[in-house]
Amino acid sequence: NMARRLAADIGRAGHAIVSGLARGIDTAAHQGGLATGTVAVFAGGLDRPYPPENIGLADEIAAGAGALVSEMPFGWEPRAADFPRRNRIIAGLSLGLVVVEAAQRSGSLISARLAGELGRLVFAVPGSPLDPRAAGSNELLKQGATLVTEARDVLDQIAAQIEAPPRPSGFDEEPKDLSTR
């Protein structure tokens, strides 16, 4: 419910939702973004959506305001090693990455690490400390991820990033005049 609500609200604010078409949170995020734009990143070829029960959702995304993306060739069956690679693409396409729920060992944490390495914003929805499905997202919060309880928490941070995008290191000085006279 939280993933669907965040995706719908962030989408209505003009941002596309990018996720991996997996069961659960990914499915809910794509459903929330169907009306405004969502991008599903596949671990396998575009003709091999995974999981199979999301084929209908992939069709809805492609028929609406969305896109299906894969770096794998047609016919490629997704393997376990392909999912972290897919997560790299998700992080790269995004301004920020929201972890709604993650166990201690989760693909979402791989995505969050990759997003941080790429200089993207990392957000996490807190969960009960007694719920093992929230251990990873709570740990992200301890490590400095931005706490999310509503879409505004994400939108405010993204707006600040869009207004003043970070400059790559080594480019902090004003440009020098290199013209010859």
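This is a predicted model: local features need pLDDT of at least 70, side-chain atom pairs count only at pLDDT 80 or more; totals for chains, interfaces and linings use all residues.
Local features need pLDDT of at least 70 and side-chain atom pairs pLDDT 80 or more, while totals for chains, interfaces and linings use all residues. Residues are numbered from 1 along each chain as its sequence is written, and side-chain values use heavy atoms, without hydrogens and water.

Lys142 and Glu139 are 3 residues apart in helix 6 (residues 135-142), so about one helical turn separates them. Helices are DSSP runs of H or I with at least four residues, strands are E runs of at least two, and both are numbered from the N terminus. Lys142 is exposed at 69% relative accessibility, whereas Glu139 is partly exposed at 29% (buried is under 20% relative accessible area, exposed over 50%, partly exposed in between, with a 1.4 Å probe and protein chains only). Elsewhere, salt bridges with shared partners join Arg79, Asp82 and Arg85 into one network.

The structure holds 10 salt bridges. Another of them pairs Arg85 with Asp82 at 3.2 Å, N to O. Both residues lie in helix 4, 3 residues apart. Asp82 is buried at 1%; Arg85 is partly exposed at 33%.

Arg48 and Glu77 also form a salt bridge, at 3.1 Å, N to O. Arg48 sits in the loop between strand 2 (38-41) and helix 3 (55-63), and Glu77 in the loop between strand 3 (66-69) and helix 4, so the pair ties together parts 29 residues apart in sequence.

Methods
A salt bridge is a side-chain nitrogen of Lys or Arg within 4 Å of a carboxyl oxygen of Asp or Glu.
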